[in-house]
Amino acid sequence: MRADVVLYLKTPPDAATLRSIIAKLEDPVTDLVRRDNLWAKLGLTDDDASTADQVVELLVQHKQLLQRPLLVTADRAIIGRPKDRVRELLTS
């Protein structure tokens with residue numbers, strides 16, 4: 001299987017790409033957003049990232065909040081945490 005590594009800080013996904021990923025995502029869309037120090041610094045709450053539209057808007061504005069690793073195939077997308085999920089996707 002061939003893999004393309006996307007350096008999301010240098011080439012962040014645009015809104016259309018994020019929507020394409022969300023359409024394939026097996027995880028809840030809200031899981032795409034990291035709840036880390038930046039999340040807290042921005043004063044965000046779960047209500048700020050509860051819908052696909054909100055998640056897309058938030059990630060376009062704050063690319064650092066994108067959960068990673070994110071693995072995308074032709075028909076599936078998963079968040080690679082825990083890391084065993086990566087192996088599972090690549091061997092299926």
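**Entry 1: the cis prolines**

I began at Pro 82, which lies in the loop between β2 (77-79) and α4 (84-91). My helices (H or I, at least four residues) and strands (E, at least two) are DSSP runs, numbered from the N terminus. The model is a predicted one, where local features need pLDDT of at least 70 and side-chain atom pairs count only at pLDDT 80 or more, while totals for chains, interfaces and linings use all residues. Residues are numbered from 1 along each chain as its sequence is written, and side-chain values use heavy atoms, with hydrogens and water left out.

I looked up the peptide bond from Arg 81 to Pro 82 and found it cis, with omega near -5°. The bond from Arg 68 to Pro 69 is also cis, with omega near 0°. Pro 69 sits in the loop between α3 (52-61) and β1 (70-72). I noted for context that most peptide bonds are trans.

**Entry 2: Gln 67**

I then went to Gln 67, in the loop between α3 and β1. Is Gln 67 buried or exposed? Gln 67 counts as buried because its relative accessibility is 15%. The cut-offs I use are under 20% relative accessible area for buried, over 50% for exposed and partly exposed in between (1.4 Å probe, protein chains only).

I listed the contacts of Gln 67 next, taking contact as heavy atoms within 4.5 Å. Not counting residues up to four places away in sequence, Gln 67 touches Asp 31, Leu 32, Val 33, Arg 34, Ile 79 and Arg 81.

I looked at Glu 26 and Asp 27 together. Glu 26 lies in the loop between α1 and α2, and Asp 27 is found in the loop between α1 (15-24) and α2 (37-41). Asp 27 counts as buried because its relative accessibility is 13%, whereas Glu 26, at 45%, counts as partly exposed.

Which side chain does Asp 27 join in a polar contact of 2.7 Å? The partner is the side chain of Arg 85. By polar contact I mean a pair of N or O atoms within 3.5 Å; within protein, one must be able to donate a hydrogen and the other to accept it, and residues adjacent in sequence count only if both atoms are side-chain atoms. The side chain of Glu 26 has a polar contact of its own, at 2.4 Å, with the side chain of Arg 76.

I wrote down the wider contacts too. Leaving aside neighbours within four places in sequence, Asp 27 is in contact with Ala 77, Ile 78, Ile 79 and Arg 85. Glu 26, not counting residues up to four places away in sequence, touches Arg 76, Ala 77 and Ile 78.

For C-alpha distances, I found 7.1 Å between Asp 27 and Ile 79, which are 52 residues apart along the chain. Glu 26 and Ala 77 are 51 residues apart in sequence and 6.2 Å apart in space, C-alpha to C-alpha.

**Entry 3: α1 against α3**

Two packed helices are described by the angle between their axes and the distance between the axes. For α1 and α3 I have an angle of about 135°, with the axes 10 Å apart. Axes are lines fitted to C-alpha atoms, for helices over the stretch in contact, and angles run from 0 to 180 degrees between N-to-C directions.

α1 and α3 are therefore oblique to each other. Angles under 35 degrees count as roughly parallel, over 145 as roughly antiparallel, 65 to 115 as roughly perpendicular and the rest as oblique.

Which residues meet between α1 and α3? From α1 they are Ala 15, Leu 18, Arg 19 and Ile 22, and from α3 they are Ala 52, Asp 53, Val 56, Leu 59 and Val 60. The residues of this contact divide into 7 nonpolar, no polar and 2 charged. Here Ala, Val, Leu, Ile, Met, Phe, Trp, Tyr, Cys and Pro count as nonpolar, Asp, Glu, Lys and Arg as charged, and the others, Gly among them, as polar.

In α3 I found Val 55, Val 56, Leu 58 and Leu 59 buried. Their cover includes α1 and α2. Glu 57 also lies in helix α3, but Glu 57 is exposed, with a relative accessible area of 51%.
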